[in-house]
Amino acid sequence: MSSNDTLHLLICSESQQDAEYYSGLVREAGKGVRVHRVTSASDLRDALGDLNWEILIATDAHPEVSPAEATAQVGKARPELPVLVAVGENDESQTSALLEAGARDVVLRSDASRLMHAVQREVEA
């Protein structure tokens, strides 16, 4: 992705504030961003039908769509779409399970720099 491109970002989070936080990180990195916040499992299924999405960030705070479920849905519908999981605290067993399920990375929500490195790595891959 060049600096002039727009990143098409799916965010699976219960919070509009989370969506604004993640899209703000992308903007601060000098990228344009188109965002869709996934609000339910059916919304995720519908969004995955749009082939323009480049990456999905799933949070561990969504009451309806867990990161494991989001990763599984992406694996079935769009296996090429990278999934990053943003978590509130580090849990090695959860991290291992998510990576084995197909998540490309699991990062602490508070580690904005690492999250942006992961986004850039996956989009440019």
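Me: Two strands pair if DSSP finds at least two bridges between them. What makes β1 and β2 a pair, then?

Reply: First, the ground rules. This is a predicted model, where local features need pLDDT of at least 70 and side-chain atom pairs need 80 or more, while totals for chains, interfaces and linings use all residues. Residues are numbered from 1 along each chain as its sequence is written, and side-chain values use heavy atoms, with hydrogens and water left out. Now the pair. Seven bridges join β1 (residues 6-12) to β2. At least two are needed, so the strands pair. They run parallel. Thr6 stands opposite Gly32, and Leu9 has Val35 as its bridge partner.

Me: Why do β2 and β5 stand at the edges?

Reply: Look at the order of the sheet. It is open, has five strands and reads β2-β1-β3-β4-β5, with parallel pairing. β2 (32-38) and β5 (105-108) each have a single partner strand, so one side of each has no neighbour in the sheet. Strands here are DSSP E runs of at least two residues, and helices are H or I runs of at least four, both numbered from the N terminus. From one strand to the next, the twist averages 25 degrees.

Me: What makes β1 largely enclosed?

Reply: Count its buried residues. Buried means under 20% relative accessible area, exposed over 50%, and partly exposed in between, using a 1.4 Å probe and protein chains only. Five of the seven residues of β1 are buried, so the rest of the structure largely encloses the strand.

Me: How do you know that His117 is exposed?

Reply: Its relative accessible area is 52%. That is over 50%, so His117 counts as exposed. The residue sits in helix α5.

Me: Why is Asp60 called partly exposed?

Reply: Its relative accessibility is 30%. That falls between 20% and 50%, so Asp60 is partly exposed. Asp60 lies in the loop between β3 and α3. Contact means heavy atoms within 4.5 Å. Leaving aside neighbours within four places in sequence, the contacts of Asp60 include Pro67, Gln94 and Arg109.

Me: Which residues have the most contacts inside the largest nonpolar core?

Reply: They are Leu10, Leu44, Leu56, Ala70, Leu81 and Val85, in a core of 20 residues. What makes it a nonpolar core? Such a core is a set of buried Ala, Val, Leu, Ile, Met, Phe, Trp, Tyr and Cys residues joined through side-chain atoms within 4.5 Å. β1, α2 (41-48), β3, α3 (67-77) and β4 each supply at least two residues. α2 gives the most, with four. Another core, of 18 residues, lies apart from it, with Tyr22, Val26, Ile57 and Ala118 among its members.

Terms used
Axes are lines fitted to C-alpha atoms, for helices over the stretch in contact, and angles run from 0 to 180 degrees between N-to-C directions.
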